[in-house]
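Hi there,

I'm handing over the structure we talked about, and I hope you enjoy exploring it. Please open it first, and then read on for what turned up.

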Amino acid sequence: MAIMLPRPLRCRRLNPKLWFCAQIFHIPWIYVPVRNVLAIWHQLTKYEVPELAKTSVIMKERGKVEEIIRSMHSAGPGTLQVISDFDMTLTRFAHNGKRCPTTHNILHNSTLISEDCKSKMSELLSHYYPIEIDDARSVEEKTPLMVEWWTKAHDLLVEQQIGKDQLAEAVRKSDAMLREGYQGFFGSLKHHSIPLLIFSAGVGDILEEVIRHNGVFHPNVRVFSNYMEYDEKGVLCAFKEPLIHTFNKKESALLNPDQFGQLQDRPNILLLGDSLGDLTMADGVQNAQSVLRIGYLNDKVDQRRDAYVNSYDIVLEKDETLDVPNAILNYITEGN
């Protein structure tokens, strides 16, 4: 005749893990909170934001990310604003193995500037770009060098006497591409009346043409960038102040208090960038509450990974899509 053991003991002999789980879930004061936490985690990762499981996604503190997303979801789209960089953030870094142009590159690759000008701009890039992405240098050390770079580049462009009416054609002939999923991104923000503030160290006139060319320049989009100034003949004669480079984008908020004051009732911020300088873009926003920082790690991945993971909440490594931002937006706006 077989001797039957009590249920907990049978579980323990057959499977220690199963026995432990049985004991935990037999304690009422542990069962309820554990069940709730597991349910929320399962919901967020398996259903609402499955894109967070993409191989391109790196998160140092997953729990923090989930908490911010849940908070934004609870507050609703009426409390949200999106602050984003443009070049290599909303636009692709590469396509089919070929680098895509930035707003400055669109001019560089066009017939609007001379070969001599192109050569000089390439020399500037070779000299200053390694400085821009050098994590060993402080922002304070980089800033005057970035001002120097942008000023020299703008002076070269002014010498080319570029016509305002030539910009749309230059964009049309370029290889500039918004990231995959841009229609859903811009469309969702428009549908839910969520402001999209684009802070760019590029050329604002070209930036606007790229967005317009793709048919997504909606009324909720605001651009803060380096804009051209034209003479009476519509020819570039200068760049307007203030000069915006990689590391002073937050000053746009400080220099435009009226526009940003209108957003005080939107304390939740989804921030998108591709450089460490983009991390401060939301610093000028008053009364900010929840800020979720998403960083695209496009270049020199192994060299820069640690710095990005330690700075951004979500790092998207070699990801040419807007899948993750779109999924988060869909979750936040769900039911609204």
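One term to begin with: a crossing of two helices is called left-handed if the near helix is turned anticlockwise from the far one by less than a right angle. Please also keep in mind that this is a predicted model.

Now to a pair of helices where that term applies. Helix 9 (residues 182-191) and helix 14 (residues 323-333) pack at an angle of about 25°, with their axes 10 Å apart. Angles under 35 degrees count as roughly parallel, so helix 9 and helix 14 are roughly parallel to each other. Their crossing is left-handed. On the helix 9 side, the contact is made by Gly-184, Phe-185, Ser-188 and Leu-189, and helix 14 brings Pro-325, Asn-326, Leu-329, Asn-330 and Thr-333. Of these residues, four are nonpolar, five are polar and none is charged.

Seven strands form an open sheet in the order 1-11-10-9-2-5-6, and the pairing is mixed. Strand 1 (57-58) and strand 6 (221-226) are at the edges with a single partner strand each, so one side of each has no neighbour in the sheet. Helix 9 packs on this sheet too, touching strand 2, strand 5, strand 6 and strand 9. Within the sheet, strand 10 (residues 291-297) and strand 11 (residues 314-317) pair in the parallel sense over four bridges, and Ile-294 stands opposite Ile-314.

Finally, have a look at the hairpin of strand 7 and strand 8, with five residues between them. These two strands pair in the antiparallel sense over three bridges, and Gly-234 in the turn has a positive phi of about 80°.

Best wishes

Note on methods
Residues numbered from 1 in each chain as written. Predicted model: local features only at pLDDT ≥ 70, side-chain atom pairs only at ≥ 80, totals over all residues. Heavy atoms only, no water. Pairing = 2+ DSSP bridges. Contact = heavy atoms within 4.5 Å. Axes fitted to C-alpha atoms, helices over the stretch in contact; angles between N-to-C directions. Parallel < 35°, antiparallel > 145°, perpendicular 65-115°, else oblique. Nonpolar A, V, L, I, M, F, W, Y, C, P; charged D, E, K, R; others polar.
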